[in-house]
Amino acid sequence: MTDEMIVLHCSPTLAGMKTGSMFPCPYASRKELLDDIRGLNKRLVPRGIRVLPLRYTETKALIYVFRPSDLKRDLADQLAISLLKERGYQDIQMEPCICQLIARFREGGEFPHEVGVFLGYPPEDVCGFIKNKACSHKCVGCWKVYGDEAAARKTFDKYRKCTQVYCSQWERGKPIERLTVTG
């Protein structure tokens with residue numbers, strides 16, 4: 001896994017604008033991938049970012065990059081708590097929730113759409129997506145919107161601009177540690 005992949009897929013998270021990001025990462029060796037993740041965590045944990053594999057297939061891993069401080073805040077939202085409890089989460093603390101999310105991904109059943117809570121999506125949109133089975137949304141950007149469309153469109157635009165700026169900065173040689181806002 002390269003720093004370029006993290007910048008391309010996770011710029012709003014690195015910038016402190018978004019709780020988390022998720023992307024598929026090809027790998028040839030699980031050991032090499034885990035070594036890469038350990039190296040990234042050594043560099044990014046001091047800046048408030050953690051990197052975890054959520055699921056593996058034979059050739060790809062689903063990588064989760066997140067800000068623990070933001071996730072703790074998001075998990076305190078009453079609608080998020082209610083949603084997670086409905087989905088079988090018992091202990092709504094960060095570590096147990098992440099462990100349960102990983103278990104849900106790895107058991108291979110229905111896709112755990114509650115992952116939107118872990119990515120910083122508005123809980124009303126995550127609930128709307130699940131309730132409406134991904135239909136009847138107001139608009140689509142980084143997620144399907146069921147609540148405040150105007151706010152979501154502004155957020156999508158900020159994320160897009162952030163990614164453009166971060167990719168440009170990275171291409172000019174700015175290292176990922178300097179692109180990551182401490183939080």
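Okay, housekeeping. We're looking at a predicted model, where local features need pLDDT of at least 70 and side-chain atom pairs count only at pLDDT 80 or more, while totals for chains, interfaces and linings use all residues. Residues are numbered from 1 along each chain as its sequence is written, and side-chain values use heavy atoms, with hydrogens and water left out.

Let's start with strand β3, residues 60-66. When I say helix or strand, I mean DSSP runs numbered from the N terminus: H or I of at least four residues for helices, E of at least two for strands. Six of the seven residues in β3 are buried, and buried here is under 20% relative accessible area, exposed is over 50%, partly exposed is in between, all with a 1.4 Å probe on protein chains only.

So who pairs with β3? Strand β1, residues 20-26, runs antiparallel to β3 with seven bridges, and Pro26 sits opposite Lys60. Strand β2, residues 50-56, is also antiparallel to β3, over six bridges, with Val51 opposite Val65. Pairing, by the way, takes at least two DSSP bridges between the strands. And a hairpin of three residues takes you from β2 into β3.

Now the cores. A nonpolar core is a set of buried Ala, Val, Leu, Ile, Met, Phe, Trp, Tyr and Cys residues joined through side-chain atoms within 4.5 Å. The largest one has 31 residues, and among those with the most contacts inside it are Leu71, Leu75 and Val117. Helix α5, 94-106, is one of the elements giving two or more residues to this core, and α5 gives the most, with six. There's also a second, separate core of 25 residues, which includes Tyr27, Ala61, Val65 and Ile176.

Last stop, helix α4, residues 78-86. Which residues of α4 are buried? Ala80, Ile81, Leu83 and Leu84. Looking down the axis of α4, those buried residues fall within an arc of 165 degrees, so they line one face of the helix; that arc is taken over directions from the helix axis to the C-beta atoms. On the face turned away from the buried side you'll find exposed Gln78 and Glu86. As for what covers the buried residues, that includes α3, α5, α6 and α7, with contact meaning heavy atoms within 4.5 Å.

And the two ends of α4. At the start, a side-chain oxygen of Asp77 comes to within 2.9 Å of the backbone nitrogen of Leu79. Just after the helix, Gly88 has a positive phi of about 95 degrees.

Terms used: A polar contact is a pair of N or O atoms within 3.5 Å; within protein, one must be able to donate a hydrogen and the other to accept it, and residues adjacent in sequence count only if both atoms are side-chain atoms.
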